[in-house]
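Please work through each task before reading its solution.

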Amino acid sequence: MPLLLVLQGLLYFGCLLCGTVAQNSTVVMTVSSADQPCLPADGWDEYGSTSMYLLVQEAQTHEQAELTCLTKGGHLAMANDQDEFNLLMGFANDHFSSDIWMGTKKDEDAGEYKHCNNGSDPFLSWCCGEPNDSGACVRIKRGYGYADISCPSEYPFICECTWMIQESSFCYTPPTTTAPPTTTPPPTTTTPTPPQAVAGPFALGLIEVEDVDADWQEFLTWRSGESLPPGYDKNESPRTDGEWIDVQTTVHIKRVDWLSEKHANLSMTVEYNIAWIDERLSGAVSEGWMPLPPSLLWSPALRFGNKVRRAASITKPRVGSSGVAEEVNLSLKMWLHNSGFIVYQMTKVLKVRCNVDLHAYPFDDQECPVKLHAYNGVRFTLLSSAQSKRPPVTSDAGNVVSQFQLVGATLESTYSTFFRNNTDLVCPYFREACTYDVEHCLLSSLLNCSACGDCAKHVGTCGYDVDICGDPGPTINTYNTLTIRLKLSRRLWFYAFRTFVPTLMVTLLHKQNKQTSKLVFLSSPAINTYTTLTIRLKLSRRIWFYAFRTFVPTLMVVVLSWMAPWMGFETAAVIGRVSLGVSALLTIVMGADLKQPMEFESWEKQLAQPKVVIPRARFCRPSYLLEYLPPQPRPRTVRFRLPASGPGPPPPAGRPSPRPARLSRKLDRAARVLIPGLFLVFCVAFWLYYFL
């Protein structure tokens, strides 16, 4: 038994270690998507209701708060009924330290309070003594209710999502500008930043894509394609001089999932960050960065290699302004800088075919390559981790949820050709190999350790080679290949607690119990396996049911059998004794019938079978034994013959005289006391043994 407890403890500890530790991926470049209102990433949440809310702690005027909500796809929150009012009151009491604005304002012309979104009549729950004409705007007094106040006051607020970005509402009217009568100087033109002034620092990791704060109207114009320069064609390459189109490239391995030994498939999520210069778009954006749909501009022609069996996009459902649900592709993102510098981000969920080698199992290492081909004169440009703060390959080591640990990654860029027999042009020109020691990152979210800080974007110990072969130049027969090689090593503790320890337990239990026991421990679901749900019921016999259904009827039969010693020895009495003994014996032998459920029979059926019911009822009456008692002698006349003068006839010879029945009567008297006494002793011993 102690051995079983120890093995159970080891198995429980192994199950704890086998749980995957999810960790949020860190995106290299974070921007707020202006074309996607009410995103949870911006702070929107349902808070258990049917609407989306955004809690803003920054104090603003009522008009500024409404403008902020409009630009984020909503309006100031307002109550339409008592339930929504209670919800907003809960927000004010639990999440804010002061009063908050409400999406309600007084219409000075009509003298009535109206909602900000459509000017309808709101649900008002005023505090005591309110409104007191202290202002046209409405706030929530924490713990009390509505109160009016002047609109220039500043308070935090709550936005309620409408899934559309608006320019104005009842509570906010955009300012109108009129041209001054005098001649104004011409508007100043901004000189675009030189592309190399952005591309160089970006490649070195000195600048990032900043949070976008572009004008909404300008974004709408860009999204429709109206702001594209005249003559711009996205199907034409940015370079027409026949030289390489260099694209700065970095790779971030966001997740590594299970490796199937049966199908040799590895699931992983990879993020490619590609940047290039398109001088045709220099100065197209007024200033800073502008997020754009990836399909609007030219992008490199990319294709995954043959070992990538599937490349899936990351999508998310969204309800548009028209109320129709649609899938939003989050895998492709693009940003355009004022200098004409473009950043393109591509995130794919890949299923890769690996060359699984199990000769050294369970001490095996596996390698899985992922190739990305670029065509039409595009060349991947990479800087080593020693040259740039933006390493060419990083990994989220805390997101390796597999039976293997990630011990290394190699990024290689190669010149390739369509002619397989021409090996002169197939050579790598950049290679960086990195080794990892990040097994502690599996529990980084649970352990508060200083060494876990580099788990989300781990670089490792790297070595690189450049200019391995000469530049063949872009031709119609050449293309560029970017290869990621993941080096995986099996986790021995995972193998031990998932395979070795369960197998050892099965062997020990089989030897200890000396019985056949099949305990199947599954490493992964298969077509020939299934699960079983077992219910074991523990039953206890009802004593009263047994007593009244079995014991009492049997007791009655036994007691009735005691009548035999009280009968005589006449012919009728002997027949009664035999009938009583046989009936008692047959009743006890056939006592199993008493344990079966009694079948219900209607009165009509019983009356239709009187020959069966009546004799059975007749047999159950103890009075039937009276029939076998010796009958009373009938009176008869005895005639005597006077003796004659001579001697009478002698008695018949050979006829024995009647034997006295003293011994039989003594046995009857002893049985009347001995048999009930023995039966009483048996009953007492039986019930004491049963209960004790």
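The model is predicted: local features require pLDDT of at least 70, side-chain atom pairs count only at pLDDT 80 or more, and totals for chains, interfaces and linings use all residues. Residues are numbered from 1 along each chain as its sequence is written, and side-chain values use heavy atoms, without hydrogens and water.

**Exercise 1.** Determine which residues of helix α2 are buried and what they pack against.

Solution. Helices are DSSP runs of H or I with at least four residues, strands are runs of E with at least two, and both are numbered from the N terminus. Helix α2 spans residues 62-71. Buried means under 20% relative accessible area, exposed over 50%, and partly exposed in between (1.4 Å probe, protein chains only). By this criterion, His62, Ala65, Glu66, Thr68, Cys69 and Leu70 are buried. These residues pack against β1 (53-60), β2 (74-76), β3 (100-107), β5 (137-141) and β7 (155-161), a contact being heavy atoms within 4.5 Å. Just after α2, Gly73 adopts a positive phi of about 95°.

**Exercise 2.** Is Phe691 buried or exposed?

Solution. Phe691 belongs to helix α11. Its relative accessible area is 56%, so Phe691 is exposed.

**Exercise 3.** What share of the chain is buried, and how many helices and strands are there?

Solution. Of the 692 residues, 36% count as buried. The chain contains 11 helices and 23 strands. Among contacts with a separation of 6 or more, 76% join residues 24 or more positions apart.
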